[in-house]
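Hello,

Here is the structure for your files. Notes on helix packing, strands and a few backbone details follow below it.

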Amino acid sequence: MEQLSPMDASFLYFETANAPMHIGGLTIYDQSTVEGGVLGFKRILENYETRLHLARSFRQRVVRVPMSLDHPYWIEDPNFDIEFHVRHIALPKPGNWRQLCIQVARLHARALDTSRPLWEFTVIEGLDQVEGLPAGSFGIMSKIHHAAIDGVSGAEIVAAIHDIAPDARPAPPEKPWVPERDPNVLELLSRTYVNNLRQPFKLAGVVASSVPALAKVGIGLTAGKLKTAGPVPRTRFNSHISPHRVFDGRSFPLTDIRAMKSAIEGATVNDAIVAIVGGAMRKYLEAKGELPKESLIAMAPISVRSDDKKKAAGNLVSGMMLAIRTDIADPAERLAAVFQSTKSSKELTNAIGAKTLSDYSQFIPSTMSGLAARLYSNLGIANRIKPFFNTVITNVPGPQIPLYMTGARMVTHFGLAPILDGMGIIHPIFSYCGNITISFTACREMMPDPDFYAECIQSSFDELKAATAVAAAPTAKPAAGPRLKVAARKPAGAAKAPRRAAKLTA
C-alpha cells in the first residue's frame with residue numbers, strides 16, 4: 001500500500017461531473033507489419049496481459065480514507081479484470097477522420113471508474129476513409145487518470161506496451177504479482193493521525209526554503225528585471241464548461257518546425273509550437289469577432305523530476321506562464337515575440353524555483369479540496385473571476401524510432417488531456433518518428449466547430465513556414481513512417497478513401 005502524493009491526489013479532488021481528470025491519446029497502428037498481416041483483438045488482449053508487471057498503474061486502484069481526512073492510497077487490486085480495461089469497437093461506414101474524432105471525443109468525455117484501476121484502452125477499427133493511413137490501420141484510444149501519471153511518467157506506460165521490433169517479447173516478471181487486501185478503517189485512520197502530526201514541520205521547512213527566493217522575485221519585479229507574462233484576457237474558453245468534448249489535430253514534419261525556430265537565433269521547437277498555437281487561436285477568435293487586444297496567456301507544464309525520480313509514477317510538475325502573442329498578426333514577428341516571452345517566463349520561473357509550486361502542493365487539504373472543487377463548478381465561479389490562463393500547451397517529446405504494439409507499427413499519436421472550469425481548451429503536443437502532432441481537446445459548447453479550428457492550426461503552420469522562408473527549401477523526409485494527412489484545408493469527410501482496410505479478427 002502506497003499513499004498518493006498531495007499533487008496526485010489533487011487530480012482526484014478536483015474531478016467533477018463536467019471535468020473528468022484523465023489524460024491519454026489516440027494512437028494509430030499499421031497491422032501490415034504483423035505476421036500474417038492481420039492482428040486479432042484477442043492477441044492484443046493477451047499481449048497486454050503479459051505486460052501488466054511493467055507499469056504499476058495497470059493493477060493499482062485507489063482506496064480513499066474515511067471522510068477524506070487524508071490523501072488516498074494505492075493498493076494492488078485483488079479484483080483486477082483486464083477485459084474491463086481493454087475494449088473493442090468499430091466506426092460505422094464510411095469510417096473517416098471526422099467520425100474518428102467524434103468517437104474519441106465521446107470516449108474521452110466519460111469519467112473513469114474510480115473503484116477500479118484508473119485506465120482504459122479502446123481498440124477502434126473501421127478507419128476506412130482516413131487519407132494517408134496504410135490499409136488495415138486501427139486506432140487505440142487510451143485513458144489514464146492524471147492521478148496516476150503526468151506527461152513524463154506516462155513514458156513508463158508507453159514503454160510497457162511498445163517494442164522497438166515487431167517480433168519482440170516482454171521480459172517475464174522477476175516475481176509473481178501479489179494482490180493486496182483492502183485496508184480497514186482503523187488502519188487508515190491510524191496512518192492519518194501520524195501523517196497529520198508531521199504536517200506542521202514539513203510546512204515550516206518549505207516556507208523557510210522558499211521565502212528567500214520569493215523575496216528576490218519581489219525585488220526583481222519591482223526593479224523591472226523580472227516580468228510576468230501579462231494580464232489574462234477573458235475569452236469564450238474561460239468560463240464554466242459542459243460535460244461534452246471535441247477533439248481534432250494536425251501532423252507536421254518535425255524538420256519544418258525546426259527550420260521555423262532556426263529563423264530566430266536561440267529559439268526552440270517549443271517556441272515555434274507556441275507561435276503556431278497562438279496564430280491558430282488568433283484566427284479562430286478573430287473569425288468569431290472575439291479577439292482580445294491583449295495577448296492570450298498559456299500555461300506550460302514543466303517537469304521537476306530529479307534524476308533519482310526519473311522512473312517514479314505520478315506527477316512531479318510545475319508550470320510556466322507564456323504570452324502566446326495572439327495580439328500580433330505577422331507570424332514571423334509573433335515567433336520573435338514568443339521567444340522573448342518564453343525567455344522572460346523562464347527567468348521568472350528560475351527565480352522562484354520551478355519546484356516551489358510542487359513543494360507547496362503537498363499541503364493541499366484533503367478534507368476540503370473536493371468540496372471546494374464542486375462548489376467552484378456548481379456556482380459557476382469561473383464565470384465571475386478573472387481567468388488564471390487561457391489555455392494549456394503541453395509538449396511531450398516522443399521517440400524518434402519506430403515503435404510496435406503486438407507487432408503492429410505505430411504510425412502516429414495525438415494527445416488528449418482534461419479541461420477545467422475556466423480553461424476550456426488544451427493543446428497536447430507529441431513528437432514521434434520525424435513528425436510532430438498538435439492536437440486539442442475543448443468543450444463542445446465553447447467550440448462547436450472543431451474542424452474549423454483544426455484548419456486554423458494548419459493555416460497558422462503554413463503561414464509561419466512561409467514567413468520563415470521554409471517554403472523556399474525542400475522538406476526533409478521524415479525519419480520513418482508516413483505522415484498522417486488529415487484533411488489539410490478541407491473538411492475531413494472529403495478525404496479520398498484508401499483501399500479498403502482489413503478488419504481486426506476476434
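Predicted model: local features only at pLDDT ≥ 70, side-chain atom pairs only at ≥ 80, totals over all residues.

The crossing of α8 past α12 is right-handed.

On the α8 side, the contact is made by Ala-272, Ala-275, Ile-276, Val-277, Gly-279, Ala-280, Met-281, Lys-283, Tyr-284 and Ala-287. The α12 side supplies Phe-452, Tyr-453, Cys-456, Ile-457, Ser-459, Ser-460, Phe-461, Glu-463 and Leu-464. Sorted by class, the contact of α8 with α12 has 14 nonpolar, three polar and two charged residues.

Helix α8 also packs against helix α7 (residues 254–261), where the axes come within 8 Å and cross at roughly 95°. That angle lies between 65 and 115 degrees, and α7 and α8 are therefore roughly perpendicular to each other. Leu-254, Ile-257, Arg-258, Met-260 and Lys-261 of α7 meet Val-269, Ala-272, Ile-273 and Ile-276 of α8. The contact of α7 with α8 has seven nonpolar, no polar and two charged residues.

Next, the strands. Strand β8 spans residues 245–253, and nine of its nine residues are buried. In a regular strand the side chains alternate between the two faces of the sheet. For β8, one side carries Arg-245, Phe-247, Gly-249, Ser-251 and Pro-253, while the other carries Val-246, Asp-248, Arg-250 and Phe-252, and both faces are covered. Strand β8 runs antiparallel to strand β15 (residues 435–443), and nine bridges join the two. Within this pairing, Arg-250 has Ile-438 of β15 as its bridge partner.

A separate item is an open sheet of three strands in the order β1-β4-β3, with antiparallel pairing. Strands β1 (2–3) and β3 (60–63) stand at the edges with a single partner strand each, so one side of each has no neighbour in the sheet. The pairing of β1 with strand β4 (residues 73–76) is antiparallel and runs over two bridges. Opposite Glu-2 stands Trp-74 in β4.

- Lys-93 and Pro-94 are joined by a cis peptide bond, with omega at about 10°. Pro-94 is in the loop between β5 (86–90) and α4 (97–109).
- Arg-325 is not a glycine, yet has a positive phi of about 55°. Arg-325 sits in the loop between β10 (317–323) and α9 (331–352). Its relative accessibility is 22%, so Arg-325 counts as partly exposed.
- Thr-406 is not a glycine either, and has a positive phi of about 55°. Thr-406 is placed in the loop between β12 (404–405) and β13 (408–416). Thr-406 counts as buried because its relative accessibility is 11%, and buried means under 20%.

Regards

Note on methods:
Residues numbered from 1 in each chain as written. Heavy atoms only, no water. Left-handed = near helix turned anticlockwise from the far one by under 90°. Helix = DSSP H or I, 4+ residues; strand = E, 2+ residues; numbered from the N terminus. Contact = heavy atoms within 4.5 Å. Nonpolar A, V, L, I, M, F, W, Y, C, P; charged D, E, K, R; others polar. Axes fitted to C-alpha atoms, helices over the stretch in contact; angles between N-to-C directions. Parallel < 35°, antiparallel > 145°, perpendicular 65-115°, else oblique. Buried < 20%, exposed > 50% of the residue type's maximum accessible area, 1.4 Å probe, protein only. Pairing = 2+ DSSP bridges.
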